[in-house]
Amino acid sequence: MWWTYAIGFVAQGFFSARILVQWILSERAHRVVSPAAFWICSIAGSYLLFIYGWLRDDFSILLGQAVSYYIYLWNLNAKGIWRRIPLVVRALLVLTPVAAAVGIGHHAAHFFETFLRNEEVPFGLLLFGSAGQLVFSLRFVYQWFYSYRRHESSLPAGFWLMSLVGSGMIILYGAVRLDPVLVLGQAVGFVAYIRNLLLGKKRPAHETTQTDL
């Protein structure tokens, strides 16, 4: 239905906005930065894309969001944003994925039939799409590990390299599925990923971080 795609496009709009804001601020600073707006847009987009994946019966989208969701929250906390969010909203953000996981656990058989045996998505294609989402999401695991060791939120070169690989796989998956949300959403970031890699090479690794903008 049209409103399902509307949710997906709004979610991708947040993801595109985070890349554009990060890119613009990085160009101004002449180095790779990790602005608070990047993480605010990330959690908003992830929340909506999780809903979109559920409505589309697309396991690969759900998997991708499950990996990175709480890392977005960690970065919001590292930026000092989390404490300024109303308590009710914080509780909603933290508990919604947990509630979804509990619901899936209570209806595991139905979940397996609906998501993993979706007749519209061949199993091989599902594996490829899930692998793309996994690579794209694991970039945030890498980002978290890198940032945690340095006690600040940053976006290292490896993050952008994994972004390029994962995004390319998701675009191919979306093209086969004829899913405009995935294709258009991922295509926006390609130039920014490459540009951030180039900006990162211009300065030593310890100069590629930024606390807050």
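Is Gln12 buried or exposed? Select Gln12 to begin the tour. At 5% relative accessibility, Gln12 counts as buried, because buried means under 20% relative accessible area. Keep in mind that this is a predicted model.

**The whole chain**

Zoom out and colour the chain by secondary structure. The protein chain has nine helices and zero strands. Read from the N terminus, its elements run α-α-α-α-α-α-α-α-α. The chain has 213 residues, and 45% of them count as buried. Now consider the contacts in the chain with a separation of 6 or more: residues 24 or more positions apart account for 76% of them.

Return to Gln12, which is placed in helix 1. Not counting residues up to four places away in sequence, Gln12 touches Leu49, Val181, Leu182 and Gly185.

Next, select residues 2-29, which form helix 1, and residues 180-187, which form helix 8. These two helices pack at an angle of about 10 degrees, and their axes are 9 Å apart. Helix 1 is therefore roughly parallel to helix 8. In this contact there are six nonpolar, four polar and no charged residues.

Show the side chains to see who takes part. From helix 1 come Tyr5, Gly8, Phe9, Gln12 and Ser16. They meet Pro180, Val181, Leu182, Leu184 and Gly185 in helix 8.

**Further along helix 1: Gln22**

Select Gln22, which is also found in helix 1. What is the relative accessibility of Gln22? The value is 0%, so Gln22 counts as buried.

Look at what surrounds the residue. Leaving out residues up to four places away in sequence, Gln22 touches Val32, Val33, Pro35, Phe38, Leu155, Trp160 and Asn196. Two polar details can be checked with the distance tool. The side chain of Gln22 reaches the backbone oxygen of Val33 at 3.0 Å. The side chain of Gln22 also makes a polar contact with the side chain of Asn196, at 2.9 Å.

Gln22 and Trp39 are 17 residues apart in sequence, and their C-alpha atoms are 9.9 Å apart in space.

**The nonpolar core**

Select Leu76 and Trp160. These are the residues with the most contacts inside the largest nonpolar core, which has 35 residues. Several elements give two or more residues to this core: helix 1, helix 2 (36-55), helix 3 (59-78), helix 6 (123-150), helix 7 (157-177), helix 8 and helix 9 (190-202).

Stay on Leu76 and display its surroundings. Not counting residues up to four places away in sequence, Leu76 touches Trp39, Ile40, Ile43, Ile81, Trp82 and Ile85.

**Arg90 in helix 4**

Move to Arg90, which is found in helix 4 (residues 87-106). Which residues is Arg90 in contact with, leaving aside its neighbours within four places in sequence? They are Trp82, Arg83 and Ile85. The side chain of Arg90 reaches the backbone oxygen of Ile85 at 3.0 Å. Now select Leu73 as well: Arg90 and Leu73 are 17 residues apart in sequence and 9.4 Å apart in space, C-alpha to C-alpha.

**Two histidines in loops**

Select His30, in the loop between helix 1 and helix 2. With a relative accessible area of 54%, His30 is exposed. Its phi is near 60 degrees, a positive value in a residue other than glycine. Most residues other than glycine have a negative phi.

Then select His151, in the loop between helix 6 and helix 7. His151 has a positive phi of about 60 degrees, although it is not a glycine. With a relative accessible area of 74%, His151 is exposed.

**Last stop: Pro156**

Stay in the loop between helix 6 and helix 7 and select Pro156, which lies there. Is Pro156 buried or exposed? Its relative accessible area is 3%, so Pro156 is buried. Leaving aside neighbours within four places in sequence, Pro156 is in contact with Tyr142, Gln143 and Tyr146.

Note on methods:
Residues are numbered from 1 along each chain as its sequence is written. This is a predicted model: local features need pLDDT of at least 70, side-chain atom pairs count only at pLDDT 80 or more; totals for chains, interfaces and linings use all residues. Side-chain values use heavy atoms; hydrogens and water are left out. Axes are lines fitted to C-alpha atoms, for helices over the stretch in contact, and angles run from 0 to 180 degrees between N-to-C directions. Helices (H or I, at least four residues) and strands (E, at least two) are DSSP runs, numbered from the N terminus. Angles under 35 degrees count as roughly parallel, over 145 as roughly antiparallel, 65 to 115 as roughly perpendicular and the rest as oblique. Contact means heavy atoms within 4.5 Å. Ala, Val, Leu, Ile, Met, Phe, Trp, Tyr, Cys and Pro count as nonpolar, Asp, Glu, Lys and Arg as charged, and the others, Gly among them, as polar. A nonpolar core is a set of buried Ala, Val, Leu, Ile, Met, Phe, Trp, Tyr and Cys residues joined through side-chain atoms within 4.5 Å. Buried means under 20% relative accessible area, exposed over 50%, partly exposed in between (1.4 Å probe, protein chains only). A polar contact is a pair of N or O atoms within 3.5 Å; within protein, one must be able to donate a hydrogen and the other to accept it, and residues adjacent in sequence count only if both atoms are side-chain atoms.
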